[in-house]
Amino acid sequence: MLMRSAVPRRYGLTVSVITDNLTKRFPRVTALDRLTVDVQPGVVGLVGANGAGKSTLIKILLGLSPATEGSARVLGLDVATEGGAIRERVGYMPEHDCLPPDVSATEFVVHMARMSGLPATAARERTADTLRHVGLYEERYRPIGGYSTGMKQRVKLAQALVHDPQLVLLDEPTNGLDPSGRDEMLALIRRVHSDFGISVLVTSHLLGELERTCDHVVVVDGGKLLRSSSTADFTKATALLAVEVTDRPADPSFDTDRALTERLTAGGLRVTRDGGRVLLVEIAGDDTYDLVRDAVAELGVGLVRMEQRRHRIAEVFQDRPLDQRPADDRAEEAFPDA
Amino acid sequence: MPEPMPEPMSQPMPGPMPGPMPGPVPAAPVADVIHDIGYRHYQGPRLGRGYATRSLYTLTLRGSFGLGRSIRSKILPMGLLALMCVPALIIVAVAVYLKSAKLPLEYERYLMIMDFVIAVFVASQAPVALSRDLRFMTVPLYFSRPITAGDYVRAKFGAMFTAMFVLTGLPLLIMWIGSLLASMSFGYNLEHFCYGLVAAALYSLLYSSIATVIASATPRRGFGVAGIIMVLLISAGISSVLYFVINGHDNSAAAYWANVISPSGLVDSSVTWMFGLPTTGAVGVPSALGGCVFVAEIAAVSAAAYGLLVQRYRKI
């Protein structure tokens, strides 16, 4: 086995993960259904509802769980036969808690570095460096039990980075974080690629947050590939304005939504309804906002909200032919935007 | 709860950074600000599975005696180790003082008497070695690295065995050194010291096997401790009751079969039989066949336990 000696870095690798008809069946469910996808180096998001097969995919990519059918390669290595070599070059941050509370972050990460094969001195140096890079300072000498969720997530990230992998697999790294903690973690993930030069595959059930962080987004649902495209494509399709207005107090039977839709459509805008009282107006340019404002004012109703809105996954796929669409209800429920 | 940390570059830290800082340093840094030296890739050696397994073994072995852990975690294992050794020291001191030609207690006999301490040690420390990783779900982190389930079990089981062997072997070593200091018969003491070490090894093997399987079944340390104590002590209790019932009935060697359900009885009886030592109380084998059965049982239970452990961790 290729264990001893420094592993040469494979710069110029064009794909970090490639799967071909990857299928994983459990006795009751099919977790992955003929998934074929190429993941480029960079920050790639893997989006799907809970149970969409994200964690199963990560387990297969780490060479820990054999695929029922199909194949996958990570960093050019076959997951079925070269699991050990893959795990030496890949870092993994699990979704769940994995930190013992009674040891310090330093002790824990040093231990994990040694588990990755780093000699004791190198393990200590890399631990100090890595903890600093993820933003843990004096507190790294205190027991992990007293850390905030955000700090724990940083320790989990540090243990995935400590052996300087070529690729890290981050499973729901923003889980349980408050909005500011979320933003910090996403910025950190961005830096893992931009500053550290490590490719990232990050999973989330929220498309919105991955759009901001990732170069490329892969969407899976029910173990199937729904879409794989660059974030720019997603954003292009998602410039929407959500508008909600009040009824006329004097005349409750008057359908303000319909009246507004008619006015906006007459103004050359595409308007859809999101099922409730919110109208989704496609943003054609800066004057779209003015058009909406004027239309609302002319109708004499109150404007409850007017905000930029990212598409929900379900809306993204309404462009596709009917037979290829995911079940709308399910997708909407599955991917609520943050 | 501490506030979330600001970006590293703006984080002041009292005192200088430890260690050398090669690499680019931004111009005109303030004295007490961490220099952003950028990310450095690791170019050094990666020592692979064998090294990782050995590291895990060492860490677990040290942890079994509370080394590298909090003071509170040291109290119980170190206390039990002291409890194992102090009587040996007293025996040696008395023997040296009285200038006796023979230790008042044989080596293997010493372990039989200290059986309870050995059981408490393994019950308290096997869950430390295994349940913690399960409870805090650290196991998947190990398996996301080159080591396999087999390596993990080898390291943990090996560490538990070694810790037990240190616990049981150390007092015997004290007694043997004492016998040398008191100029007792060298040959006799060496021979019986070796018998004692065989008994220590068998205790370590059988107790570690039973304890690690139970500890690996539960993430709750308390359940692990209680389960191990119950299996070790209750089985020994039932066995001794059975022995006295059968022995009282027809006073035959068949009563020794009761040892088949007692871990300590199995080890003591096997050692007595293998080396032809004098039997005492319930310790003894029903026949030569019985002796073989006892030894085979120890081997089979240990092998089965090891196999179960590997199976259990393969599934994670």
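This is a predicted model: local features need pLDDT of at least 70, side-chain atom pairs count only at pLDDT 80 or more; totals for chains, interfaces and linings use all residues.

Student: Got it. Let's take the sheet with β1(A) in it. What's the strand order there?

Tutor: That one is an open sheet of 4 strands, ordered β2-β1-β4-β5 in chain A, and the pairing is antiparallel.

Student: Which strands stand at the edges, and why is one side of each left without a neighbour?

Tutor: The edges are β2 (30-39) and β5 (77-78) of chain A; each has a single partner strand, so one side of each has no neighbour in the sheet.

Student: How many bridges join β1(A) to β2(A)?

Tutor: There are 6 bridges between β1 (residues 17-25) and β2 of chain A, and the two strands run antiparallel.

Student: Which helix lies across β1, β2 and β4 of chain A?

Tutor: You're looking at α1 of chain A, residues 54-61. Helix α1(A) runs at about 115° to β1(A).

Student: OK, next sheet. What's the order in the one with 6 strands?

Tutor: The order is β6-β7-β8-β3-β9-β10, again in chain A, and this open sheet has mixed pairing. Its edge strands are β6 and β10 of chain A, each pairing on one side only. From one strand to the next, the twist averages 15°.

Student: Are β7(A) and β8(A) parallel or antiparallel?

Tutor: Parallel: β7 (residues 167-171) and β8 (residues 199-204) of chain A pair over 5 bridges. In β8(A), A:Val202 is the bridge partner of A:Leu170.

Student: Where does α5(A) pack?

Tutor: On this sheet, where α5(A) touches β6 and β7 of chain A. The direction of α5(A) makes about 160° with that of β6(A).

Student: I also spotted β13(A). What does that pair with?

Tutor: Two strands are worth a look. With β11 (residues 240-245) of chain A, β13 (residues 279-282) pairs in the antiparallel sense over 4 bridges, and A:Ala242 has A:Leu280 as its bridge partner in β13(A). With β12 (residues 271-273) of chain A, β13(A) pairs over 3 bridges, also antiparallel, and here A:Val271 stands opposite A:Val281.

Student: How many residues sit between β12(A) and β13(A)?

Tutor: There are 5 residues between them in a hairpin, and A:Gly275 in that turn has a positive phi of about 100°.

Student: Switching topic: how many salt bridges does the structure hold?

Tutor: Over all chains, 22 salt bridges. One of them joins the side chains of A:Lys224 and A:Asp33, at 3.3 Å from N to O. That pair links distant parts of the chain, with A:Lys224 in β10 (residues 224-230) and A:Asp33 in β2 of chain A, 191 residues apart.

Student: And how many salt bridges are there between chain A and chain B?

Tutor: The count there is 2. B:Arg40 forms a salt bridge with A:Asp129, with the closest N and O atoms 2.7 Å apart.

Student: Which elements of chain A touch chain B with two or more residues?

Tutor: They are α2 (83-89), β6 (90-93), α3 (105-115), α4 (120-133), α5 (149-161) and α6 (179-194) of chain A. Sorted by type, the residues on that side are 29 nonpolar, 12 polar and 20 charged.

Student: How many residues does each chain bring to the contact, and what area is buried?

Tutor: Chain A brings 61 residues and chain B brings 45 residues. Between them they bury about 4800 Å², 56% of it on carbon and sulfur atoms. A:Met115, A:Arg132 and A:Tyr137 supply 14% of the area chain A buries against chain B, more than any other three residues.

Definitions and conventions: Residues are numbered from 1 along each chain as its sequence is written. Chains are lettered from A and ligands numbered from 1 in the order in which they are written. Side-chain values use heavy atoms; hydrogens and water are left out. Contact means heavy atoms within 4.5 Å. Buried area is the accessible area (1.4 Å probe) that two parts lose on being put together, summed over both. A salt bridge is a side-chain nitrogen of Lys or Arg within 4 Å of a carboxyl oxygen of Asp or Glu. Ala, Val, Leu, Ile, Met, Phe, Trp, Tyr, Cys and Pro count as nonpolar, Asp, Glu, Lys and Arg as charged, and the others, Gly among them, as polar. Two strands pair if DSSP finds at least two bridges between them. Axes are lines fitted to C-alpha atoms, for helices over the stretch in contact, and angles run from 0 to 180 degrees between N-to-C directions.
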